[in-house]
Amino acid sequence: MNASVAIQVLPNVRDDEEVIRIVDEVIAYIKSTGLNYYVGPFETTIEGDYDQLMDIVKECQHVAERAGCKAMSVYVKISYKPEGDVLTIEKKVTKHHQ
């Protein structure tokens with residue numbers, strides 16, 4: 001696992017319930033990838049191969065669009081280590097959720 005990506009999709013819609021519905025669809029897509037992920041209050045973190053994660057980031061935007069979102073802001077943080085492994089979600093946060 002040479003990369004970890006945190007993605008935040010912010011739909012530009014007026015209703016909070018609509019924001020939640022669209023973000024839930026994006027999260028459902030991320031879950032469907034089979035990769036390890038962690039849903040936080042502001043972003044979702046996904047672990048895996050860099051190229052695969054970049055494809056997922058792109059598709060998250062298409063998922064939001066298909067869900068009816070005509071405009072959005074997307075913020076992405078990337079931890080990438082071409083040779084070796086990045087720190088895992090488990091290593092970073094598990095101790096704080098026990």
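**Pockets and rings**

I looked up the largest pocket and noted about 270 Å³ of space in it. A pocket here is an open set of points on a 1 Å grid over the protein atoms alone, where a 1.4 Å probe fits, with protein on both sides within 12 Å along at least five of seven lines, and lining residues have an atom within 4 Å of a point. The model is predicted, so I kept in mind that local features need pLDDT of at least 70 and side-chain atom pairs pLDDT 80 or more, while totals for chains, interfaces and linings use all residues. Residues are numbered from 1 along each chain as its sequence is written, and side-chain values use heavy atoms, with hydrogens and water left out.

I found 17 residues lining the largest pocket, with V9, V23, P41, F42 and E43 nearest its centre. Helix α1 gives the most to this lining, seven residues.

For the second largest pocket I noted about 180 Å³ of space, and its lining includes S4, Y38, K77 and K92. β1, β4 (72-80) and α3 (89-93) each supply at least two residues of that lining.

I then looked for aromatic pairs (ring centres within 6.5 Å; planes under 30 degrees apart are stacked, over 60 edge-to-face, the rest tilted) and came to a count of one. Because Y50 lies in helix α2 (residues 50-66) and Y80 in strand β4, the pair ties together parts 30 residues apart in sequence.

Conventions:
Points joined across faces, edges and corners; volume = space filled by probe spheres on them. Helix = DSSP H or I, 4+ residues; strand = E, 2+ residues; numbered from the N terminus. Phe/Tyr/Trp six-rings, centres within 6.5 Å; stacked < 30°, edge-to-face > 60°.
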